[in-house]
Amino acid sequence: MGDSGRVSARGRRVVITGLGVCSPFGIGREIFWRGCLAGRRVIAPIPSAWSRYAAHRSRHWAPLPPYDPAAHGISPGEAMRLDPASMLCLIAADEAIADAGLRLEPTARKHASSFVGIPPARAGCVIGNGAGGISSLLMNHLSHLHEHRKEPLKRMAAEGATVLAGPRAESVLGDVVADIGTVPRFNPFVVTMQMPNASAAQLGLRYSLQASTTTLSMACASGTIAIGHAYRAVAGGYMDLALAGGTESLADPSGSVFRAFDTVRTLTCIADPDAPGGGPFDRDRNGFLFAEGGSAVLTIESLEHARARGARVLAEIVGFQEASDAHSIMASDPGGGIVEAMVRRTLEDAALDPSRIDYINAHGTGTTASDEMESAVIERTFPHRPFVNSTKSLIGHTIGASGAIEAAVACLGLERQRLHPSANLVAPVRDLNFVTDDRERRIRTALSLSFAFGGHSAALLLAAAP
């Protein structure tokens, strides 16, 4: 992988020069990385208000900590016009740009800038998400439903509402009034907030990206596939620089998105989050930990471009493949044949034998079928037992952002030569080389895997900086 190494099968060599992360650990890549290395699991009881609407099988999630958009360069006016997924994406992108040492200069448009020394037509972005601006859609739908009911209900509650037959009716009415009181007024910007392409479009507007501002939505594989497509665009010479990654925000006042996943029995139903075992790849696993959201954005450019501007290189992207197993809308083919073939094509893309892979950041959700299939594929394809861990064991499943966050973990692992432990792994489903502690490890290559509802799968292969 040195300077005299191969040229990418798709053209120019492609490197990562910056990254930014927003996660349940907090805002910023160093906060994220410290949480990962500490093996700290983010888990909390779901909001009590959600229990008014449904009896949940799962009772825990991984919330995002509060953050102030203004502290990250987003004005109050902008915040009113942005879905939380777009805000997280902008914050992560700002960090990725600064981390890459890129300079910005203001343009004539308000809140807009462009890269110094990079023509706008040579810069773009590819952003993945699973549900787009669903938070804004749900919030404004509730506002639309309840707007005309607010004042009459408040008057009824103030008068005691004896006509509704007693204390129980008054209690129900009080709950309804309280719920309505949590819903802000209808937002006139909701159309552009809830668009699936809003996050990529906002990056394009803020940084004057004119090559392409592309949105990809492949559920839980979205972030990985977005980075892979950016890799191909830069390698093929269509862009000199791309911001690529994934973003997601899934919280809503009533917990309806959480309930949707809970209803199909995909979420973990642990009783005691502090009890050992039950995490991804553990024999006692029973589902994934639902995360409120997150984002990761990588700065991707050609090696030639990075060297010309004297940039620090964090890692090189040397392979990418995606596939569809055409098996089920909700489950991967348990045989894993399509996934295994995709992984082997990724290795061929990089001209690497399987024995050259040092580390695998697994999809590792904690669902019974997915972990079984993935661990079997890893065991068959990599008998030399590379290191394996699951980032979802720490921060839960951020859906469309997960693959990008895990690519950031792979990149940081290569840069820092450390790997984070997998949490709550006591009795592994297979005898793989799972990481269970934080210490230095020599790794030159890292493979990140993602699978998704709809049969989508993707593999991204990184190598240490040349």
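Buried here means under 20% relative accessible area. The model shown is predicted.

**View 1. Helix H8 is largely enclosed by the rest of the structure.** H8 spans residues 198–207. Of its 10 residues, 7 are buried, so the helix has the rest of the structure around much of it. The buried set is Ala198, Ser199, Ala200, Leu203, Gly204, Arg206 and Tyr207. Ser208 follows the helix. Its phi is positive, near 55°.

**View 2. Helix H3 crosses helix H8.** H3 covers residues 84–99. The two axes come within 9 Å and cross at roughly 45°. That angle makes H3 oblique to H8. The crossing is right-handed. On the H3 side, the contact is made by Ala85, Ser86, Cys89, Leu90, Ala93, Asp94 and Ile97. H8 contributes Ala198, Ser199, Gln202, Leu203, Arg206 and Tyr207. By class, the residues of this contact are 8 nonpolar, 3 polar and 2 charged. Among the H8 residues in the contact, Ala198, Ser199, Leu203, Arg206 and Tyr207 are also in the buried set of that helix.

**View 3. Helices H9 and H15 pack with their axes 5 Å apart.** Two packed helices are described by the angle between their axes and the distance between the axes. For H9 (residues 222–235) and H15 (residues 402–416), the angle is about 65°. Gly223, Thr224 and Ile227 come from H9. They meet Gly403, Ala404 and Ala407 of H15. This contact has 3 nonpolar and 3 polar residues, with no charged ones.

**View 4. Ser448 is buried in the model.** Ser448 lies in strand S15, residues 445–451. Its relative accessible area is 1%, under the 20% limit, and therefore the residue counts as buried. Which residues does Ser448 contact, leaving aside its neighbours within four places in sequence? They are Asn361, Gly403, Glu406, Ala407, Ala458, Ala459 and Leu460.

View 5. Buried residues make up 56% of its 466 residues. Among contacts with a separation of 6 or more, 79% link residues 24 or more positions apart. The accessible surface comes to about 18000 Å². Carbon and sulfur atoms account for 55% of that surface.

Technical notes
Residues numbered from 1 in each chain as written. Predicted model: local features only at pLDDT ≥ 70, side-chain atom pairs only at ≥ 80, totals over all residues. Heavy atoms only, no water. Axes fitted to C-alpha atoms, helices over the stretch in contact; angles between N-to-C directions. Helix = DSSP H or I, 4+ residues; strand = E, 2+ residues; numbered from the N terminus. Parallel < 35°, antiparallel > 145°, perpendicular 65-115°, else oblique. Left-handed = near helix turned anticlockwise from the far one by under 90°. Contact = heavy atoms within 4.5 Å. Nonpolar A, V, L, I, M, F, W, Y, C, P; charged D, E, K, R; others polar. Buried < 20%, exposed > 50% of the residue type's maximum accessible area, 1.4 Å probe, protein only. Areas by Shrake-Rupley, 256 points an atom, 1.4 Å probe, with all protein chains shown as cover.
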